[in-house]
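Please read the following note alongside the sequence and the structure.

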Amino acid sequence: MTAAPLADAPTAPEADGVLVPVEVHFDDLDALGLLHNARYPLLVERAWGAHWAGLGHTYAGDWHAAGDACNAVKEFRITYELPVTRTGSYAVHLWLERLGRTGLTYGFRLCSADGAVTHARGHRVLVRLDPDTMRPAPWTEAFKDAARPLLRA
């Protein structure tokens, strides 16, 4: 998965951020043939993971080595707008709403592969953690530099 800048967004408010390809598989669908509601957040997580991994921010089992990937979810909200009714290629549009000293809020949309049709949207709040105390800790400058291009104008 490679994140691409969202250059040809259908509307101005959606122009910020990146569009990350994701796949919906047959086993992601529920008994009615719809993308199961629990799969939407999973696709968003996979998209963010792919995006940050592409920038060198990963977690491989060691909180100390993880650096800025040592973080926890404080809040997650999602609104389902249009059911996904087929398997295939989709995308997750990602951007940052706020980048604070120890936390951030990102926005997302699960959408068609070209970004034109929105199926769900929401936001998630993350807090960076100190690996020893598991208390909030400041983001590194390297992480903030990597994150700033995603900030919504």
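1. The side chains of Glu81 and Arg121 meet in a salt bridge, at 2.8 Å from N to O; a salt bridge is a side-chain nitrogen of Lys or Arg within 4 Å of a carboxyl oxygen of Asp or Glu. This pair links distant parts of the chain, 40 residues apart: Glu81 lies in the loop between β3 and β4 (88-99), and Arg121 in strand β6. Strands (E, at least two residues) and helices (H or I, at least four) are DSSP runs, numbered from the N terminus.

2. This is a predicted model, in which local features need pLDDT of at least 70 and side-chain atom pairs count only at pLDDT 80 or more, while totals for chains, interfaces and linings use all residues. Residues are numbered from 1 along each chain as its sequence is written, and side-chain values use heavy atoms, with hydrogens and water left out.

3. Arg124 forms a salt bridge with Glu45, with the closest N and O atoms 2.3 Å apart. The two are 79 residues apart, Arg124 in strand β6 (residues 118-128) and Glu45 in helix α1. Arg124 counts as buried because its relative accessibility is 7%, whereas Glu45, at 31%, is partly exposed. Buried means under 20% relative accessible area, exposed over 50%, and partly exposed in between (1.4 Å probe, protein chains only).

4. Asp68 forms a salt bridge with Arg128, the closest N and O atoms being 2.8 Å apart. Asp68 is in the loop between α2 and β3 (71-80), and Arg128 is in strand β6. Both Asp68 and Arg128 are buried.

5. The structure holds nine salt bridges. Asp16, Glu97 and Arg152 are linked in a network of such bridges.
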